[in-house]
Amino acid sequence: LWGNSSDGLTQEIEPNNDPAQANPIALGAEVKGAIGGANQGEKTERDLFIAHVPGGPVRVTLSGVEDGNLTLELLQLEKQSEGGGKKLVRRVLIDDQGVSWPERIDAFDAKPGALYLRVEENGFFTEPPRKAREKSRLPYVLKVEAIEDANAVEAEPNDTLDTATAAPLSRTLTGYLGAVLPDIDTLVFERPTLAFSSPDFFKVE
C-alpha cells in the first residue's frame, strides 16, 4: 500500500495538508487517500498532491466516498507582476456531482511543470451550510492522465467569455459537460472570477 508507482506514490502519506507537503503522484497511476479529522486551527482536513505535467490537456478523476462531498482544486504556479515571484493560484474548482458521487474533469489545459491537486470534503452547493464530514476513513482514488490529441478537445477552464476555447471552422472538437448548475448565467456574469468546471464557452471567428 505504501509503495511507489514510477515517480509517485500509490497511497498518500500524512501529513500532506499544504503545498510543501504535497505527495508526488505519477501520470496515469492511481493513488489512494482518505479524509480524516482536521488539524488544530484548521476548518477542514485537506490532502495535497503534486504531478509534473508536460503541458496541454489532462484528465483528472476523483472517486466518491459514501456520505461525503469531495471537492477537487487544480492549482499551478503563476508569475506575479510585482516582484517577479511566483504564486500558487487556483486554476479550477471541480464540484459538479454532489454527495457520494465522483468528480472528473477532462481536457484541463495544464501549463508545463507542477500541477497541484487539493482534495477536501465540503458541502455541495445545493446543501444547507454544514460542517465538513471528516470522521469517515473511506478511501478515495485520484488519477491524473495526459490527453494526447490536444487539438481535438476543449481546453478547460473555459467557463467564462474571457476563457472561451477557440473553435476554428472545419475542426471537430470534443467537449465535456459537468453538472447543470441553477442560475449558471447569473453566476458566470456576476462572479466572473469563480472558475467552475461547467458550463463551456467556445469562440468561433
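Which residue in β11 is the bridge partner of Val31? The bridge partner of Val31 in β11 is Leu142. Before going further, note that this is a predicted model, in which local features need pLDDT of at least 70, side-chain atom pairs count only at pLDDT 80 or more, and totals for chains, interfaces and linings use all residues. Residues are numbered from 1 along each chain as its sequence is written, and side-chain values use heavy atoms, with hydrogens and water left out.

The chain has 1 helix and 13 strands. Helices (H or I, at least four residues) and strands (E, at least two) are DSSP runs, numbered from the N terminus. Read from the N terminus, the order of elements is β-β-β-β-β-β-β-β-β-β-β-β-α-β.

Strands of a sheet pair through backbone hydrogen bonds, either parallel or antiparallel. Here, two strands pair if DSSP finds at least two bridges between them.

Leu62 stands opposite Glu103 in β9.

Strand β9 also deserves a look for its burial. Of its 8 residues, 6 are buried, where buried means under 20% relative accessible area, exposed over 50%, and partly exposed in between (1.4 Å probe, protein chains only). Ala107 lies in β9 and has a phi near 65°, a positive value in a residue other than glycine. Ala107 counts as buried, because its relative accessibility is 0%.

A second open sheet contains 5 strands in the order β3-β5-β10-β7-β8, and its pairing is mixed. The edge strands are β3 (23-24) and β8 (86-94), each of which pairs on one side only. Within this sheet, β7 (residues 70-79) and β10 (residues 113-121) run antiparallel, with 6 bridges between them. Leu72 stands opposite Val119 in β10.

Next come two points of backbone geometry in loops. Most residues other than glycine have a negative phi, and most peptide bonds are trans. Ser100 has a positive phi of about 75° although it is not a glycine. Ser100 is placed in the loop between β8 and β9 (103-110) and is partly exposed, at a relative accessible area of 37%. The peptide bond from Glu14 to Pro15 is cis, with omega near -5°. Pro15 is found in the loop between β2 (8-9) and β3.

Chain totals complete the picture. Buried residues make up 42% of the 205 residues. The accessible surface comes to about 11,400 Å², of which 51% belongs to carbon and sulfur atoms; areas come from the Shrake-Rupley method with a 1.4 Å probe, and for residues only the protein chains shown count as cover. Among contacts (heavy atoms within 4.5 Å) with a separation of 6 or more, 68% come from residues 24 or more positions apart.
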